[in-house]
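This report walks through one protein chain, from its overall fold to a few single residues. Keep the sequence and the 3D view open as you read.

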Amino acid sequence: MEPEKTDLNRIETPAMLRQLDREHFNPFEAVGGVRGAIESSLPALVFVIVYVVTNNLRQTLIAAVVTSVVLIVARLVTRETITYSVSGLIGVAIGVVWAGLSGRGENFYTIGLIAAGIYATAIAICAVVGYPLVSMLLCPVWQLPWKWWKQPSPGGVKLSQAGYWLTWLWFSMFALRFIVQLPLWLTGKVALLGTAKLALGLPPFIFCAWLTWIVLRPLKPTTQE
């Protein structure tokens, strides 16, 4: 009996890549809608504001947790999926526990800092060994065969090159987050660290998603041929 093969075309793709088949780019859809944008940034924003106003870590952590819980309750009241809210709450909970146990407010952002470093490293390694992230994600989006970028058809050479360079674009975004936030984390500048996290969160992500859409969408007819 042959082992079951993985169907890459059934893998759920990021919302930003699903927009490649659409006429217009929707920045909010790229981050899970307006509510998704709020849920991903509001707890961190509340943390910064409360910490600056009170300079009390305990009150700040409580405010962040309450904000995340309220967002989940709002989802439940409107009978919408709470997947994104729960994942956000888990991230906030890890930050709260880490900061609470250590007594250092900057540790609220440690998990995000680690994630940025891991993402940047993984994307770079995959690109160097010949598996660019964007090219791989295009397999389920445009029904492309696995490893299509290694021997692209004459009409797919430009798409292969675009996937490679866009992969480094996404690497740069995560690397920038890590490089900017690490010194602030090491020096314990909580307010500046929180501000940097917000500034380097949704804005550059939306920009990279938009640029990916701008570059790749015109290449789709070539891919189909």
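Helices (H or I, at least four residues) and strands (E, at least two) are DSSP runs, numbered from the N terminus. Asn 55 shows how these numbers are used: this residue is in the loop between helix H2 (33-54) and helix H3 (57-77).

## Ground rules

This is a predicted model, in which local features need pLDDT of at least 70, side-chain atom pairs count only at pLDDT 80 or more, and totals for chains, interfaces and linings use all residues. Residues are numbered from 1 along each chain as its sequence is written, and side-chain values use heavy atoms, with hydrogens and water left out.

## The overall fold

How many helices and strands does the chain have? The chain has 10 helices and 0 strands. Its pattern along the sequence reads α-α-α-α-α-α-α-α-α-α.

Of the 225 residues in the chain, 40% are buried. Buried means under 20% relative accessible area, exposed means over 50%, and partly exposed lies in between (1.4 Å probe, protein chains only). Now take contacts, meaning heavy atoms within 4.5 Å. Among those between residues at least 6 apart in sequence, 65% join residues at least 24 apart.

In soluble globular proteins, nonpolar side chains tend to be buried together. A nonpolar core is a set of buried Ala, Val, Leu, Ile, Met, Phe, Trp, Tyr and Cys residues joined through side-chain atoms within 4.5 Å. The largest core here has 27 residues. Those with the most contacts inside it include Leu 20, Leu 138, Trp 142 and Trp 170. Elements giving two or more residues to this core are H5, helix H6 (133-141), helix H7 (157-186) and helix H9 (202-216). H7 gives the largest share, 8 residues.

Look at Leu 138. Leaving out residues up to four places away in sequence, Leu 138 touches Leu 20, Gln 143, Leu 144, Trp 148, Leu 159 and Leu 216. A second, separate core has 17 residues, among them Val 48, Ala 64, Val 92 and Leu 184.

## Helix H7

The expected span of a helix is 1.5 Å times one less than its number of residues. H7 has 30 residues, so it should span 44 Å; its end C-alpha atoms are 44 Å apart, which agrees. After H7 comes Gly 188, with a positive phi near 70°.

Gln 161 is in H7. This residue counts as partly exposed because its relative accessibility is 46%. Gln 161 and Pro 132 are 29 residues apart along the chain, and their C-alpha atoms are separated by 10.0 Å.

## The surface

The chain exposes about 12,800 Å², and carbon and sulfur atoms supply 67% of this area. Such areas come from the Shrake-Rupley method with a 1.4 Å probe; for residues, only the protein chains shown count as cover.

Val 86, Ile 90, Ile 94, Trp 98, Ile 111, Ile 114, Ile 118 and Tyr 119 form a nonpolar surface patch, with about 680 Å² of accessible area together. Helix H4 (83-102) and helix H5 (110-128) each give two or more residues to this patch. Patch residues have over 30% relative accessible area and no salt bridge; like charges are joined within 9 Å, and nonpolar side chains (Val, Leu, Ile, Met, Phe, Trp, Tyr) within 5 Å. A salt bridge is a side-chain nitrogen of Lys or Arg within 4 Å of a carboxyl oxygen of Asp or Glu. Ile 94 is in H4. At 37% relative accessibility, Ile 94 is partly exposed.

Asn 55 is not a glycine, yet its phi is positive, about 55°. Asn 55 counts as exposed because its relative accessibility is 59%.

Lys 147 is in the loop between H6 and H7. Its phi is positive too, about 65°, although Lys 147 is not a glycine. At 38% relative accessibility, Lys 147 is partly exposed.
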